[in-house]
Amino acid sequence: MTCLMNFNHHLPLLKQLLRYGTVGVVGLGVDVGLFMLARRMGLDIVTCNVLARLAGAFTTYTGNFLWTFTAQPRSRFLGVTSIRFAVLWVGATVVSTLALSALIQLGLSEPVVKLGVELSMPLFNFVVSRRWVFKHPPL
């Protein structure tokens, strides 16, 4: 009985984590797909990564705002979360771009490196999103 009560207590967090993961997989597909397309078009790595991450960020912000982290009316909340998300995104993009560039300079495969770098970031981003980006301000 206690185990069931513990599970029920954590159910909202697990549901939120599953939604975050679903949105993240879609965003990752947009990010990696656009990166590869832009590279095939001849754009440099930094430009490709920033454009791809921007498209992925738009996808994930929208999904997380509308579906993952929904507990209050959204109209007041949009501006605050947009700014916070932008700060998180800029920091993550700088880290991603530096890691991507460094690993590709070592001769590693671009698609593998891009996917690996992007897959290494979701847990940190979830914690920051849950605790800060989408944290609801007091009414």
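**View 1. H1 gives the largest pocket the biggest part of its lining, 9 residues.** This is a predicted model, and the space in that pocket comes to about 510 Å³. In total 26 residues line the pocket, and the ones closest to its centre are Tyr20, Gly24, Thr60, Pro122 and Asn125. Helix H1 (2-40), H2, H3, helix H4 (110-119) and helix H5 (122-133) each put two or more residues into the lining. Sorted by class, that lining holds 15 nonpolar, 8 polar and 3 charged residues.

**View 2. Helix H2 (residues 45-68) meets helix H3 (residues 77-105), with axes that come within 9 Å.** The two axes cross at roughly 145°, and the crossing of H2 past H3 is right-handed. Look at who's touching whom here: the contact of H2 with H3 has 14 nonpolar, 8 polar and 1 charged residues.

**View 3. Phe69 and Phe134 make a stacked aromatic pair.** Their rings sit 4.8 Å apart, centre to centre, with 10° between the planes. Phe69 belongs to the loop between H2 and H3, while Phe134 is in the segment after H5, so this pair ties together parts 65 residues apart in sequence. Are these two buried or exposed? Phe69 is buried, at a relative accessible area of 5%, and Phe134 is buried too, at 2%.

**View 4. One aromatic cluster takes in Tyr20, Tyr61, Phe65, Phe69, Phe85, Phe126 and Phe134.** The count of aromatic pairs in the model comes to 7.

Definitions and conventions:
Residues are numbered from 1 along each chain as its sequence is written. This is a predicted model: local features need pLDDT of at least 70, side-chain atom pairs count only at pLDDT 80 or more; totals for chains, interfaces and linings use all residues. Side-chain values use heavy atoms; hydrogens and water are left out. Axes are lines fitted to C-alpha atoms, for helices over the stretch in contact, and angles run from 0 to 180 degrees between N-to-C directions. Helices (H or I, at least four residues) and strands (E, at least two) are DSSP runs, numbered from the N terminus. A crossing is left-handed if the near helix is turned anticlockwise from the far one by less than a right angle, and right-handed if clockwise. Ala, Val, Leu, Ile, Met, Phe, Trp, Tyr, Cys and Pro count as nonpolar, Asp, Glu, Lys and Arg as charged, and the others, Gly among them, as polar. On a 1 Å grid over the protein atoms alone, a cavity is a set of points where a 1.4 Å probe fits but cannot get out, and a pocket is an open set with protein on both sides within 12 Å along at least five of seven lines; lining residues have an atom within 4 Å of a point. Grid points are joined across faces, edges and corners, and a volume is the space filled by probe spheres set on the points. Rings of Phe, Tyr and Trp (its six-membered ring) pair if their centres lie within 6.5 Å; planes under 30 degrees apart count as stacked, over 60 as edge-to-face and the rest as tilted. Buried means under 20% relative accessible area, exposed over 50%, partly exposed in between (1.4 Å probe, protein chains only).
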